[in-house]
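Colleague: Could you walk me through this model? I am new to this, so please take it topic by topic.

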Amino acid sequence: MGKEFDITPQTVPHVETRYRRIVTQVPHPESLATLERLRQFEPLSMRGQPPIVWERAEDIFVFDKHGNRWLDWSSGVVVTNAGHGAPEVKRAIIDQVNSGLIHNYVFPSEERAALAECLAGVAPDGLKKIFLLTTGSEAVECAIKLSRAHGIHGGGKKKIGIVGFERGFHGRTMGSQQAGGMAGQKSWIVNEDPAILNAPFPDGYWQTDTSFDTFLNAIKQRGFKPGNIAGVVMETYQGVGPDFAPVEYVRQLAEWCKHHNIVLTFDEVQAGFARTGKFWGFEHYGVTPDLICCGKGISSSLPLSAVIGRAEIMDQFPPGSMTSTHTGNPVCCAAALASVKKIVTENLAAKAARLEPVLLEGLKKIQRQHPEVVGHVTVRGLVGGMQIVKDGRKEPNADLAHDIVERCFQKGLLMFAPVGAWGQTVKIAPPLTIPRDALEEGLAVLAEAVLDPGFGKKPADHLTLVDGTTGLPANDKMSHSIL
Ligand code: PMP
């Protein structure tokens with residue numbers, strides 16, 4: 001259950017700094033016509049976005065038509081790792097369009113070959129087959145299908161279990177949503193596949209027992225044995241945090257998967273392409289999965305996703321039976337090639353790693369100043385999050401998180417709407433090209449927004465159902481999540 005932002009134009013103080021410029025009401029009155037058209041013609045589910053109508057975006061900036069400029073901390077939901085409209089990416093798209101080839105689907109292209117080779121080059125040893133798709137959800141669906149087929153091949157029709165994690169997010173299609181762990185989002189499925197189950201995610205804050213036993217117990221409780229499990233699908237970090245699992249936990253998980261011939265997939269749709277200070281997020285764990293799902297930052301722009309994996313898993317389906325109409329669209333491939341090249345040659349992973357302490361210390365400072373509001377902060381590379389809580393208790397405060405994001409965009413700092421299982425996470429994900437002083441300026445704005453004494457006074461209207469044992473909102477209310 002997300003929340004709409006008020007679209008009434010607000011008179012806000014003018015801002016004019018190196019990185020931000022707010023010189024009109026927000027949203028601008030002339031943008032209301034667009035916002036209202038969207039409300040009229042799009043489904044309700046598309047509301048809940050900050051009401052800033054983008055005219056253009058460049059590197060770390062988002063501009064509207066009316067002279068306002070935001071410092072972007074969204075990367076368009078963790079997409080533009082190489083910066084918005086990176087010149088190299090733009091040039092590659094334009095050149096590809098001008099070359100005369102913008103679609104070819106079931107026929108080979110040089111662009112598809114070049115991108116597949118490039119991705120194999122950045123993938124770990126042993127994972128050298130690349131299947132290009134369009135969305136992250138599709139990549140996860142494909143990984144589930146490959147895992148199950150592999151399970152059936154090795155262990156018969158009883159080896160079909162897929163384990164995801166509570167509060168995990170892998171997309172909104174049937175398989176990806178079931179593998180995810182937002183109970184409230186799955187009610188439409190009704191006949192959930194009994195062989196898709198969730199284990200607790202050992203984030204260390206909401207789930208304090210971080211031992212691997214929690215995983216083993218969860219599958220046992222659901223009546224599964226390792227011999228019935230075909231695959232485990234894990235976000236390398238859970239987007240709702242960002243939350244990493246303990247290294248030891250993941251090493252045990254990888255060992256367990258290997259021992260029982262279970263396909264281990266890391267969903268790197270958010271974590272990949274240098275976001276966390278390493279090229280792949282799973283490098284933090286020192287383990288290699290069997291399959292990697294990619295999306296978002298792969299192209300820093302146009303829609304493209306990929307499954308990267310071991311040949312014996314990827315080659316299970318015969319010619320013509322694992323394809324998709326927009327597989328390897330040449331324009332998207334050109335964009336992705338340029339984006340990956342930029343991320344690698346400019347070593348944006350190292351840059352994100354260098355800025356990690358700045359972001360972490362900035363968020364910790366805000367937490368120290370306001371522990372009753374900021375319950376927990378996590379940062380890895382250039383992705384961070386603050387868990388907004390009520391009165392210093394471990395109780396999510398979605399309303400306040402929403403207010404903080406709103407106050408920030410009124411001040412020229414743009415974040416997407418809060419995420420998290422209960423809508424309590426203020427999430428930070430700037431383009432990896434952000435300079436240090438821009439990051440610091442953003443932190444100062446965020447601190448102002450969090451510390452504003454007028455905040456926290458609005459009643460929480462949709463988080464009343466609390467689970468008696470955990471004190472958290474009941475599991476079936478987990479419905480808010482990443483866009
Ligand atoms: N996996 C993860 C980790 C994601 O964050 C998302 C989207 N936020 C998806 C999968 C689904 O990607 P898409 O929206 O492109 O289908």
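Modeller: We will go through the overall fold, then the sheets, and finally the ligand.

Modeller: This is a predicted model, in which local features need pLDDT of at least 70 and side-chain atom pairs count only at pLDDT 80 or more, while totals for chains, interfaces and linings use all residues. Residues are numbered from 1 along each chain as its sequence is written.

Colleague: How many helices and strands are there in the protein chain?

Modeller: The protein chain has 13 helices and 18 strands, where helices (H or I, at least four residues) and strands (E, at least two) are DSSP runs numbered from the N terminus.

Colleague: And what is its radius of gyration?

Modeller: The protein chain has 22 Å, which agrees with the value near 23 Å that a compact globule of 483 residues would have; the radius is taken over C-alpha atoms, and the globule rule is 2.2 Å times the number of residues to the power 0.38. Along its principal axes, the C-alpha trace spans about 65 × 60 × 45 Å.

Colleague: What share of the residues is buried?

Modeller: Buried residues make up 52% of the 483, and a residue is buried if 20 or more other C-beta atoms, placed from the backbone, lie within 10 Å of its own.

Colleague: Now the sheets. What is the strand order in the sheet of seven?

Modeller: That open sheet has the order β6-β14-β13-β12-β9-β7-β8, with mixed pairing, and two strands pair if DSSP finds at least two bridges between them. Its edge strands are β6 (129-133) and β8 (196-199), each pairing on one side only. Neighbouring strands are turned by 20° against each other on average, direction ignored.

Colleague: Which helices pack on this sheet?

Modeller: Among them is α4 (residues 110-122), which touches β6 and β14 (305-309) and whose direction makes about 125° with that of β6. Contact is taken as C-beta atoms, placed from the backbone, within 7 Å, and the axes are lines fitted to C-alpha atoms, for helices over the stretch in contact, with angles from 0 to 180 degrees between N-to-C directions. Helix α5 lies across β6, β7, β9, β12, β13 and β14, running at about 155° to β9.

Colleague: What about the sheet with three strands?

Modeller: That one is open and antiparallel, in the order β15-β16-β18, with β15 (374-380) and β18 (425-428) at the edges. Four bridges join β16 (residues 383-388) to β18, and Met 386 stands opposite Val 426 in β18.

Colleague: Where does β5 come in, and what does it pair with?

Modeller: Strand β5 is joined to β4 (residues 61-63) by three bridges in the antiparallel sense, and to β17 (residues 413-414) by two bridges in the parallel sense. The strands β4 and β5 form a hairpin with five residues between them, and Gly 67 in the turn has a positive phi of about 95°. From β5 (residues 69-72), Arg 69 and Leu 71 point one way and Trp 70 and Asp 72 the other way, and all are buried.

Colleague: Last topic: which residues are closest to the ligand?

Modeller: The closest are Thr 135, Gly 136, Ser 137, Gly 171 and Val 269, out of 15 residues that surround the ligand; a residue is near a molecule if its C-beta atom, placed from the backbone, lies within 6 Å of it.

Colleague: Which element gives the largest share of that shell?

Modeller: Helix α5 (residues 136-155) does, with three residues.

Key
A residue is buried if 20 or more other C-beta atoms lie within 10 Å of its own, exposed if 12 or fewer, and partly exposed in between; C-beta atoms are placed from the backbone. Two residues are in contact if their C-beta atoms, placed from the backbone, lie within 7 Å.
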